[in-house]
Amino acid sequence: MLDPQIKQRDEKYKRLPESIQDYFASGETIRKITVIEEKYNLDLEQISGLILIIKKILVGEVRLKEMPDFLVQELKLGKVIAKNLAQDIIREIFYPIKKELKKALPNTPQTPPESKPEPRLEGNIVDLKNH
């Protein structure tokens, strides 16, 4: 039986515009992904994880800026390698269809900017730790 989460993700993917689906199924895109996989010497498990992360980005479950963290967690990569891999994926795979993706995923959840606590003044002491 198919995991409900996988089924839901597949349904979201099928609702993407045909042009985006065609782009990700194209030989050119697959070739670009293969070149990146080889550059980073990814094993089969890591390749599967990378494809899943790309799909999660496409259906709005993961934001592009979160990709390095997911690569560290899911592919067990170091932070520097994950950051470089993410940059390559964004540049080679996502950037060519940036406009189409923005149209298709206009409601992608955005994390609000972190709010910094105001420095507290207690007597003559200023809390510089949170400043």
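Reader: What makes Asp10 partly exposed?

Author: This is a predicted model, and the value is computed from it. Asp10 has a relative accessible area of 23%. Buried means under 20%, and exposed means over 50%. The value for Asp10 lies in between, so Asp10 is called partly exposed.

Reader: And why does Lys55 count as partly exposed?

Author: Lys55 has a relative accessibility of 23%.

Reader: What makes Asp10 and Lys55 a salt bridge?

Author: Their side chains meet at 2.6 Å, N to O. The cut-off is within 4 Å, for a nitrogen of Lys or Arg and a carboxyl oxygen of Asp or Glu.

Reader: How many salt bridges does the whole structure hold?

Author: A search finds seven. Another one of them joins Arg31 and Glu28, with the closest N and O atoms 2.9 Å apart. Both residues lie in helix H3. They are three residues apart, which means about one helical turn between them. Arg31 has a relative accessible area of 45%, so Arg31 is partly exposed. Glu28 is partly exposed too, at 40%.

Reader: How do you know that Arg91 and Glu92 form a salt bridge?

Author: Their side chains meet at 3.5 Å, N to O. That is within 4 Å, so the pair passes. Arg91 is partly exposed at 45%, and Glu92 is partly exposed at 31%. Salt bridges with shared partners join Lys39, Asp88, Arg91 and Glu92 into one network.

Reader: Why are H3 and H6 called roughly antiparallel?

Author: Helix H3 (residues 27-39) and helix H6 (residues 79-94) pack at an angle of about 160 degrees. Angles over 145 count as roughly antiparallel. The angle passes that cut-off, so the label holds. The axes are 10 Å apart. H3 passes H6 in a right-handed crossing.

Reader: Which residues meet there?

Author: From H3 come Thr29, Lys32, Ile33, Ile36 and Lys39. From H6 come Leu85, Asp88, Ile89, Glu92 and Ile93. These residues divide into five nonpolar, one polar and four charged.

Reader: What makes Asn41 exposed?

Author: Asn41 has a relative accessible area of 66%. Exposed means over 50%, so Asn41 is exposed. Asn41 lies in the loop between H3 and H4. The phi of Asn41 is near 55 degrees, a positive value in a residue other than glycine.

Reader: Is Lys76 buried or exposed?

Author: Lys76 is exposed, because its relative accessible area is 67% and the cut-off is over 50%. Lys76 is in the loop between helix H5 (67-75) and H6. The phi of Lys76 is positive, near 60 degrees.

Reader: Which elements make up the protein chain?

Author: There are seven helices and two strands. From the N terminus on, they run α-α-α-α-α-α-α-β-β. Of the 131 residues, 31% count as buried.

Terms used. Residues are numbered from 1 along each chain as its sequence is written. This is a predicted model: local features need pLDDT of at least 70, side-chain atom pairs count only at pLDDT 80 or more; totals for chains, interfaces and linings use all residues. Side-chain values use heavy atoms; hydrogens and water are left out. Axes are lines fitted to C-alpha atoms, for helices over the stretch in contact, and angles run from 0 to 180 degrees between N-to-C directions. Helices (H or I, at least four residues) and strands (E, at least two) are DSSP runs, numbered from the N terminus. Angles under 35 degrees count as roughly parallel, over 145 as roughly antiparallel, 65 to 115 as roughly perpendicular and the rest as oblique. A crossing is left-handed if the near helix is turned anticlockwise from the far one by less than a right angle, and right-handed if clockwise. Contact means heavy atoms within 4.5 Å. Ala, Val, Leu, Ile, Met, Phe, Trp, Tyr, Cys and Pro count as nonpolar, Asp, Glu, Lys and Arg as charged, and the others, Gly among them, as polar. Buried means under 20% relative accessible area, exposed over 50%, partly exposed in between (1.4 Å probe, protein chains only).
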